[in-house]
Amino acid sequence: MTSVIDVSPARTAFRLTRAFQGLERLVVPALLVAGWEAFARSGVLPPALLPAPSAVLHALGDWVFGFDETTQTYSGHWLRDALASALRVFGGFALASLLGILAGVAIGWSRLFEKTLEPTLQMLRPIPPVSWIPLAIIWFGIADKPAIFLVFLGAFFPVLMNAIHGVKTVDHNLVRAGAMMGANGRQMLTDIVLPAALPSIFAGLRIAVGSAWMLTVTAEMVAVKSGLGYVLWDSYYFLRYDIVLAAMISIGLLGYLSDLGIKAIMARTLRWQQTTTVQGRAG
Amino acid sequence: MAAIELRNIVKVFSDKRRGRDLLTLDNVNLDIEANDFVCLLGPSGCGKSTLLNIIAGFEQATSGRTLVDGKQVERPGSDRGVVFQQPTLMPWLTAIDNIAFHLKLKGVGKAERHHRAMEFIDLVGLRGFEHHHPSEMSGGMNQRVGIARALLMNPSVILMDEPFAALDAQTKLELQEELVAIWQKRRCTIVFVTHSVDEALVLGNKIVVMTKRPGRIREAVNFDLPRPRDITSPEFNDAKRHILSLIREESTRLAQAS
């Protein structure tokens, strides 16, 4: 009997604060959703133009699981649509990462590449990726390729810029230390400059994956007939704002997950850095 | 043959923005014998670090010849170990991997690298910290790694550029003692740049006093006080008085010139 009641008050308080610490990050989203639901139900706007969160959730549920065909032809096809978009993101992002890191390191490291390659790339950079759509459609037709091309354009420049920056800002003394220990040109690049530039390169990858999702949806609105962006645009034509919002939520969620994935890889790769950052110290 | 021979070293930095040339080293001649512990002593801006960088191969003299073991210095190399003012370790490598980095560059396998680096971990008293990253260690510990890294290459000379300047007084004393012990044990040639008269007198058996801009060698003082040195002894103070008078003459000369 006694052992059951033997819970110290201090420990209970500690557990309660722990529980609330987990909940505090939910406060703002919960308030927003509750406000939105109340506003939608108040009837100020017709439900078709501003669907309540519950309606959006219903649409999303049917889109994913296909329980009552609220979403008509899309019912139960969420996975297929999400996969179509994700593959485009992955394709364009992978290509952009590879080429962006290669070109960025080359430009940051070698005066020759800086002089020959950089001006052209920097001139292409301010051109909005979306403005390539007409050309992309002519070149690649209406399929995955123009979308991957656009994703590539959106993701390439953040990777490039951050790789250049990372290589250029490598501590000059580390390079000296490497030379002192007998590093040749190739070792200087692979064993010193590249690891030293990694934090900056990862920062570029994180920006790039966000751009990649933005661009794939844009491409799907005009150049492709599948994916989350296509569903979003198609539903707009039929004034199905519940599906439009469900598509927006899906994109946000997948983009967030992609970023989490890169952050996880980054945390593993840059474990040495964790104790030097503000966050590392605080945690 | 001396371990390091500096012949008529002149270094001019061109200040392009102001369209001026700055004479930093003016005809420096110096012989450093093998197993010497030489302290280059001078005020900041006297070109002592520049001289060290020229020996290291990081910078080229405008004219003059730099020979290490009779060979002309053209570029940095592992025959000259450098300990920097800041530890300058690879932040992504652990202490032991930083110390063994030279071996990695030479293609030595990991087990062999770690085996050979352990000797130096012990030498600088870092056992138990071999798998720590630089960010997890204090400034003094990182500088120990920097010293061990230079020693592992078994270089003919070790060049140190005010390596203890950024450390607190107590750590500095500790490391000075340990450096002397290492030097006595391993019989290596050390060139140590410092602006502190006390540090030079505690460490060196030859103290090269440099003049302020343009850098010249004022006097090379031999100082063979037995170790461990008592910094309150009359001999220590005599040497200190002599060196301070050299420095004071120098500042009056500068004051009159200006």
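## Starting point: paired strands

Two strands count as paired if DSSP finds at least two bridges between them. Keep that in mind for chain B of this predicted model, where strand β3 (residues 37-41) runs parallel to β8(B) and is joined to it by five bridges. In this pairing, B:Val38 sits opposite B:Val191 of β8(B).

Strand β8(B) has another partner to look at. Strand β7 (residues 157-161) of chain B also pairs with β8(B) in the parallel sense, over five bridges. Here B:Met160 is the residue standing opposite B:Phe192 in β8(B). To get from β7(B) to β8(B), the chain passes through α6(B), and this β-α-β crossover is right-handed.

## A strand tucked inside

For β8(B), both faces are covered. On one side are B:Thr189, B:Val191 and B:Val193, and on the other B:Ile190, B:Phe192 and B:Thr194, all of them buried.

## Two domains in chain B

Where they meet, nine residues of domain 1 of chain B are in contact with eight residues of domain 2 of chain B. Helix α6 (residues 169-186) of chain B gives the most to the domain 1 side of this contact, with three residues. Sorted by class, that side has seven nonpolar residues, two polar ones and no charged ones.

UniProt, in an unreviewed entry, places the feature "domain: ABC transporter" at residues 4-237 of chain B. That span is 32% helix and 27% strand, and its end C-alpha atoms lie 29 Å apart.

For chain A, an unreviewed UniProt entry puts the feature "domain: ABC transmembrane type-1" at residues 82-266. This stretch of chain A is 85% helix and 0% strand, with its end C-alpha atoms 25 Å apart.

What about the meeting of the chains? There, 16 residues of chain A are in contact with 20 residues of chain B. On the chain A side, α10 (172-180) and α11 (185-222) each supply at least two residues. The biggest giver on that side is α10(A), with six residues. By class, the chain A side that touches chain B has nine nonpolar, five polar and two charged residues.

Terms used:
Residues are numbered from 1 along each chain as its sequence is written. Chains are lettered from A and ligands numbered from 1 in the order in which they are written. This is a predicted model: local features need pLDDT of at least 70, side-chain atom pairs count only at pLDDT 80 or more; totals for chains, interfaces and linings use all residues. Two residues are in contact if their C-beta atoms, placed from the backbone, lie within 7 Å. Helices (H or I, at least four residues) and strands (E, at least two) are DSSP runs, numbered from the N terminus. Ala, Val, Leu, Ile, Met, Phe, Trp, Tyr, Cys and Pro count as nonpolar, Asp, Glu, Lys and Arg as charged, and the others, Gly among them, as polar. UniProt positions are given in the numbering used here, feature names are shortened, and annotations may be inferred rather than shown by experiment. A residue is buried if 20 or more other C-beta atoms lie within 10 Å of its own, exposed if 12 or fewer, and partly exposed in between; C-beta atoms are placed from the backbone. A crossover is right-handed if, with the strands pointing away from the viewer, the path from the first strand over the helix to the second runs clockwise.
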